[in-house]
Amino acid sequence: MGGNAYTDGLNYDLIKRAVHGEKDALEEILRIYEPFHNSLVSYEVIGPDGKIHREIDEDKKVQIQMHLLEVIQTKWRELI
């Protein structure tokens, strides 16, 4: 599929199913947006070896994912 890496696979049918609470559709949307979410909550630390390592704040990631699911279930419902 040629398109943006974050939106490949994202289509009206998937969104519609997610808005109606279909678990598989909600999980697929989270999978599609996972790289973007990871980029939002990642930070760099210097390890004991002196190298820079990228870490992901899993708590913040879950907060972002929960907010996305809430928006899908409430705000998007008004649009579909």
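Tutor: Start just after helix 1. There G21 takes a positive phi of about 85 degrees. Keep in mind that this is a predicted model.

Student: What caps the N-terminal end of helix 1?

Tutor: N11 does. One of its side-chain oxygens lies 3.1 Å from the backbone nitrogen of D13. The limit for a polar contact is 3.5 Å between N or O atoms. The N11 oxygen, at 3.1 Å from that nitrogen, is therefore within the limit.

Student: Which residues of helix 1 are buried?

Tutor: In helix 1, residues 12–19, they are L14, I15, A18 and V19.

Student: How do you know that the buried residues line one face of helix 1?

Tutor: Look down the helix axis. The buried residues of helix 1 fall within an arc of 135 degrees, so they line one face.

Student: Which residues touch the most other members of the largest nonpolar core?

Tutor: The core has 13 residues, and L14, A18, L26, I29, Y33, L68 and I72 touch the most other members. Helix 1, helix 2 and helix 3 (58–79) each give two or more residues to this core. The largest share, six residues, comes from helix 2.

Student: Why is H37 called buried?

Tutor: H37 has a relative accessible area of 4%. Buried means under 20%. So H37 counts as buried. H37 lies in helix 2, residues 23–41.

Student: What does H37 touch, not counting residues up to four places away in sequence?

Tutor: H37 touches K61, I64, Q65 and L68.

Student: N38 is in helix 2 too. Why is N38 called buried?

Tutor: The relative accessible area of N38 is 15%. The cut-off is 20%, and buried means under it. N38 is therefore buried. Leaving aside neighbours within four places in sequence, N38 is in contact with R54, I56 and K61.

Student: What makes E28 buried, exposed or partly exposed?

Tutor: E28, in helix 2, has 26% relative accessibility. Buried needs under 20%, exposed needs over 50%, and partly exposed is in between. So E28 counts as partly exposed.

Student: What joins the side chains of E28 and R31?

Tutor: A polar contact of 2.5 Å joins them. The cut-off is 3.5 Å. E28 can also be placed against L14: the two are 14 residues apart in sequence and 8.2 Å apart in space, C-alpha to C-alpha.

Student: What lies between strand 1 and strand 2?

Tutor: Five residues lie between them, and the two strands form a hairpin. G50, in the turn, has a positive phi of about 85 degrees.

Student: Why is I46 called exposed?

Tutor: I46, in strand 1, has a relative accessible area of 65%. Exposed means over 50%. So I46 is exposed. Leaving aside neighbours within four places in sequence, I46 is in contact with K51 and I52.

Student: In what order do the elements of the chain run?

Tutor: From the N terminus on, the order is α-α-β-β-α. That comes to three helices and two strands.

Student: How much of the chain counts as buried?

Tutor: Of the 80 residues, 24% do. The chain exposes about 5800 Å², and carbon and sulfur atoms supply 54% of that.

Methods. Residues are numbered from 1 along each chain as its sequence is written. This is a predicted model: local features need pLDDT of at least 70, side-chain atom pairs count only at pLDDT 80 or more; totals for chains, interfaces and linings use all residues. Side-chain values use heavy atoms; hydrogens and water are left out. Helices (H or I, at least four residues) and strands (E, at least two) are DSSP runs, numbered from the N terminus. Buried means under 20% relative accessible area, exposed over 50%, partly exposed in between (1.4 Å probe, protein chains only). Contact means heavy atoms within 4.5 Å. Two strands pair if DSSP finds at least two bridges between them. The arc is that of the directions from the helix axis to the C-beta atoms. A polar contact is a pair of N or O atoms within 3.5 Å; within protein, one must be able to donate a hydrogen and the other to accept it, and residues adjacent in sequence count only if both atoms are side-chain atoms. Accessible areas come from the Shrake-Rupley method with a 1.4 Å probe; for residues, only the protein chains shown count as cover. A nonpolar core is a set of buried Ala, Val, Leu, Ile, Met, Phe, Trp, Tyr and Cys residues joined through side-chain atoms within 4.5 Å.
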